[in-house]
Amino acid sequence: MEHPYAITLDVGTSLANHTGSWRTKRPVYVDRLPPCNAACPAGENIQAWLFRAESGDYEAAWRKLTENNPLPAIMGRVCYHPCQGACNRGEVDEAVGINSVERFLGDEALKQGWGFDKPETESGKRVLIVGAGPSGLSAAYHLRRLGHQVTIKEAGPLPGGMMRFGIPKYRLPREIIDGEVKRITDMGVAIEYGVKVDDIAETMREGRFDAAFLAVGAHIAKRAYIPAGAAARVLDAVSVLHSMEDGEKPMLGRRVVVYGGGNTALDVARTAKRLGAEEAVIVYRRTRDKMPAHDFELEEALQEGVLVKWLSTIRNVEEGEITVERMELDASGFPQPTGEIETLATDSVVLALGQDVDLSLLDNVPGLEIDKGVVKVGPNMMTGAPGIFAGGDMVPSERTVTVAVGHGKKAARHIDAWLRGETYEPAEKHELASFDKLNTWYYDDAPRTIQPVLADVRRTSTFEEVVGGLDETNALYEARRCLSCGNCFECDNCYGVCPDNSVIKLGPGNRFKFNYDYCKGCGVCAAECPCGAIQMVPEAI
Amino acid sequence: MEKDNPMTSETTPGDGVQKLHFYQKGTFTVGNRLVSSDERSVQSSIDRSNALTCGHRACQGCGEALGARYAIDTAMEAAGGNLIAVNATGCLEVFTTPYPESAWQLPWLHSLFGNAAAVATGVAAAMRVKGRREVRVVAQGGDGGTTDIGLQCLSGMFERNDDVLYICYDNEGYMNTGVQRSSATPPAARTATTPVLGDEPGNVFGTGKSVPKIAVAHEIPYVATATVADLRDLEAKVKKAMSIHGARYIQIDVPCPLGWGAASHETIHLARLAVETGFYPIFEAEHGRVTSVRKIRHQVPVTEYLKLQKRFAHLFKGDKVDPRVARLQARCDANIAEYGLLDAA
Ligand SMILES: Cc1cc2nc3c(=O)[nH]c(=O)nc-3n(C[C@H](O)[C@H](O)[C@H](O)COP(=O)(O)OP(=O)(O)OC[C@H]3O[C@@H](n4cnc5c(N)ncnc54)[C@H](O)[C@@H]3O)c2cc1C
Ligand SMILES: Cc1ncc(C[n+]2csc(CCOP(=O)(O)OP(=O)(O)O)c2C)c(N)n1
Ligand code: SF4
Ligand SMILES: [Mg+2]
């Protein structure tokens with residue numbers, strides 16, 4: 001090329017200059033574990049389904065959700081949502097209302113009639129499940145998805161376990177249970193009702209089952225010794241709630257005392273109110289902060305006029321009245337008697353002191369270990385007897401629907417591997433996307449959407465559902481409050497903020513990649529990533 | 001349930017994209033997958049011009065390189081690609097164009113250190129004479145080339161209302177020649193010519209000038225300050241400036257990791273703190289009047305800004321608080337009062 005006067009070199013682009021060689025640290029895209037996911041007993045990928053809900057693609061969101069939990073409409077009503085307690089947004093303003101969005105998706109699925117696909121191939125293996133509560137249903141769903149033949153044997157007349165015969169319908173309408181169970185049976189899961197399994201080994205042999213998952217729950221009401229006169233009316237909570245479902249409404253009277261401090265006690269007291277009791281008094285031996293029931297549950301009960309006598313034990317029950325002793329907490333927080341006595345007029349006393357497991361079906365199984373009334377299982381959910389797995393309330397657990405569902409899923413994966421003579425190795429967990437990994441500057445302030453609550457008047461007289469759902473606008477809004485902790489949401493920040501133009505945008509859904517030829521490793525992208533999805537790692541020099 | 005949810009299922013997934021005005025994750029980020037493409041920033045687009053491309057030799061985390069790409073890409077889009085840039089001597093010129101190599105992807109001229117405004121005026125005149133009205137002209141330079149040696153040419157360009165957008169990348173010092181003081185260097189900052197010596201270590205208080213204010217005093221059509229910490233605001237300002245003919249001035253705060261003694265990944269964070277402390281007021285003025293200010297979102301004390309920079313490290317030596325920290329805070333407070341940077345609580 002002919003050069004002008006005094007010019008000796010050809011002009012060229014700076015692209016010849018690979019500034020990547022300056023780098024001592026390199027940025028890499030990572031997926032960190034969002035705290036909500038880490039806290040979910042059912043192992044839901046919450047961030048991922050919220051991400052889909054955010055763009056209004058509710059079906060995709062629901063499908064993502066149900067990869068782990070087949071019961072979102074139920075979950076969205078009764079789950080105690082530990083995810084929300086762990087949510088990073090809680091440190092910005094208020095936790096994302098994950099549970100309410102889950103309910104919206106669950107309801108939407110029922111309304112639109114979305115269903116599950118049948119498995120593509122059949123394994124030819126037969127698995128027996130005992131109990132159609134949440135744990136059994138969850139295991140059935142996951143095993144069926146993996147191609148196994150699944151039969152559930154259920155002692156009762158209807159599916160749901162404690163979700164139907166414990167949790168009152170003003171919290172969980174029955175058509176919701178029916179709708180979500182139907183989707184599972186539509187996949188080809190068989191449920192036999194009115195079949196109580198009393199010898200598991202025998203039932204397995206008879207039905208030529210290759211493995212079994214036990215999920216019989218805990219249904220035997222615990223009794224406490226309380227001296228009671230012959231005419232005293234003393235009932236237990238489980239039977240009271242059960243009888244709400246099969247016909248004869250329990251006769252509780254005008255004044256009802258409930259003894260205990262768990263969610264069951266609250267549910268019975270609220271049910272008594274709805275049955276027309278003028279007074280429903282919970283007697284509990286410790287204080288509010290020591291109560292095992294959740295605060296929001298107590299709050300709802302108090303709003304409905306349920307009364308609580310704190311720091312009190314029942315000494316004696318007679319016809320029409322009980323004797324109560326005031327307690328005092330000692331230094332270690334245990335209630336101690338004070339000798340101060342009073343009487344309370346009451347028509348009935350309902351004991352809500354917890355439940356034990358009926359283990360009689362396991363009598364003839366060798367190798368099985370029982371500890372404190374529950375069945376011991378290994379990390380793979382298998383009992384001491386090979387091929388017999390167990391989960392839910394009958395194994396050591398927190399006894400919630402969500403834990404039960406999680407057990408069902410976990411057991412299904414291990415059963416599947418076991419049936420193939422293998423062991424199931426869960427994928428390694430990603431590093432936690434803790435709050436310090438986020439750059440919250442980029443999120444706008446936005447308070448949580450409050451679910452509508454039925455007017456107090458209506459809810460004490462009817463069994464209508466108390467907590468309402470979100471509608472589409474506020475569900476979308478709520479979903480968008482998610483910070484997407486630890487997972488790229490394609491905000492283009494890295495692509496924008498790189499002074500060296502070294503981030504390549506791959507287009508919608510495909511995220512980004514680094515151009516290491518030019519990236520100098522300044523770390524601006526990682527510092528300005530809102531959700532902590534970029535990590536700086538030292539270069540091997 | 002049904003009657004309580006009149007909205008349910010009236011939207012398709014596609015509608016969900018635009019239905020809400022409030023985007024949790026789009027208000028401050030560069031892009032947002034949920035808004036339509038015409039609402040997205042220029043920088044979020046795969047088609048941005050990358051007027052300043054890779055391979056340039058700016059330091060790691062250079063705020064000036066970033067600010068220049070933000071500004072010139074926006075101007076390129078506004079001008080439909082018909083843009084000529086005139087560049088004063090300084091880092092931006094040196095790190096992009098060590099002859100025969102250049103990182104610029106637009107017609108680009110290097111002027112002298114002090115005459116970018118005059119050269120740009122000439123380019124604009126030439127385009128006018130040639131009847132090329134669609135070709136727009138920007139002049140750009142550092143704070144030294146603008147506030148000190150270039151001020152005379154700049155004032156002339158303003159006063160004649162020449163059709164040039166002048167962009168000053170303010171890194172508060174002569175960085176290219178080794179971090180000397182300019183009239184944009186803040187008080188107390190250490191530079192090579194304001195060392196940490198004597199009874200007034202660092203740059204002295206009561207000196208320096210505000211070229212944005214000088215520009216406003218010329219009553220030119222448009223003046224703005226901007227920051228690399230707020231891309232959306234910066235792009236909006238460049239776009240607005242490009243919609244106007246006549247003399248326009250934009251000054252962008254561009255932190256310099258090397259000159260300020262800061263970690264390279266802190267560049268945007270520092271620029272953000274400069275705004276959130278009130279240290280660097282961000283405003284717009286038209287024809288001699290301030291027309292809008294960018295409010296502080298989460299106010300922070302000036303120490304948070306100062307402590308991240310070695311050029312202020314001498315203020316935090318020993319255990320007693322240097323009284324000049326309070327004087328710098330007072331400067332921030334004065335800015336906050338003058339521009340109304342805080343919303344009434
Ligand atoms: C009043 C009350 C309120 C509750 N509220 C909540 C709540 O709001 N949120 C929450 O997360 N958890 C709540 N729980 C706890 C939750 O209901 C249980 O943890 C959960 O249902 C346990 O699930 P599971 O599948 O292990 O057992 P279950 O739900 O108890 O189901 C076991 C099933 O097995 C059947 N079965 C038992 N023995 C046999 C047999 N031998 N042969 C065949 N079938 C058999 C039973 O009939 C039953 O259907 C509540 C519990 C009660 C009692
Ligand atoms: C007339 C003249 N004097 C001095 C110089 C040397 N010089 C080159 S760049 C520069 C400093 C540039 O500072 P600034 O304009 O703030 O830009 P920065 O490098 O900080 O971006 C100086 C003094 C020159 N090129 N020309
Ligand atoms: S903000 Fe979103 S991803 Fe983060 S914890 Fe909360 S729900 Fe999960
Ligand atoms: Mg400078």
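**Exercise 1. Describe the lining of the second largest pocket by residue class, position and element.**

Solution. By class, the lining of the second largest pocket divides into 13 nonpolar, ten polar and 13 charged residues, where Ala, Val, Leu, Ile, Met, Phe, Trp, Tyr, Cys and Pro count as nonpolar, Asp, Glu, Lys and Arg as charged, and the others, Gly among them, as polar. This is a predicted model, in which local features need pLDDT of at least 70 and side-chain atom pairs count only at pLDDT 80 or more, while totals for chains, interfaces and linings use all residues. Residues are numbered from 1 along each chain as its sequence is written, chains are lettered from A and ligands numbered from 1 in the order in which they are written, and side-chain values use heavy atoms, with hydrogens and water left out.

Next, the lining consists of 36 residues, of which A:Leu33, A:Gly43, A:Asn68, A:Lys409 and A:Lys429 lie nearest the pocket's centre. A pocket is, on a 1 Å grid over the protein atoms alone, an open set of points where a 1.4 Å probe fits, with protein on both sides within 12 Å along at least five of seven lines, and lining residues have an atom within 4 Å of a point. The elements giving two or more residues to this lining are α1 (35-39), α2 (46-54) and α14 (401-419) of chain A, and the largest share, five residues, comes from α14(A). Helices (H or I, at least four residues) and strands (E, at least two) are DSSP runs, numbered from the N terminus.

**Exercise 2. Classify the ring pair of A:Phe389 and A:Trp418.**

Solution. Rings of Phe, Tyr and Trp (its six-membered ring) pair if their centres lie within 6.5 Å, and planes under 30 degrees apart count as stacked, over 60 as edge-to-face and the rest as tilted. The structure holds 18 aromatic pairs over all chains. The centres of A:Phe389 and A:Trp418 are 6.2 Å apart and their planes stand at 80°, so the pair is edge-to-face. The pair links distant parts of the chain, with A:Phe389 in strand β19 (residues 388-390) and A:Trp418 in helix α14 of chain A, 29 residues apart.
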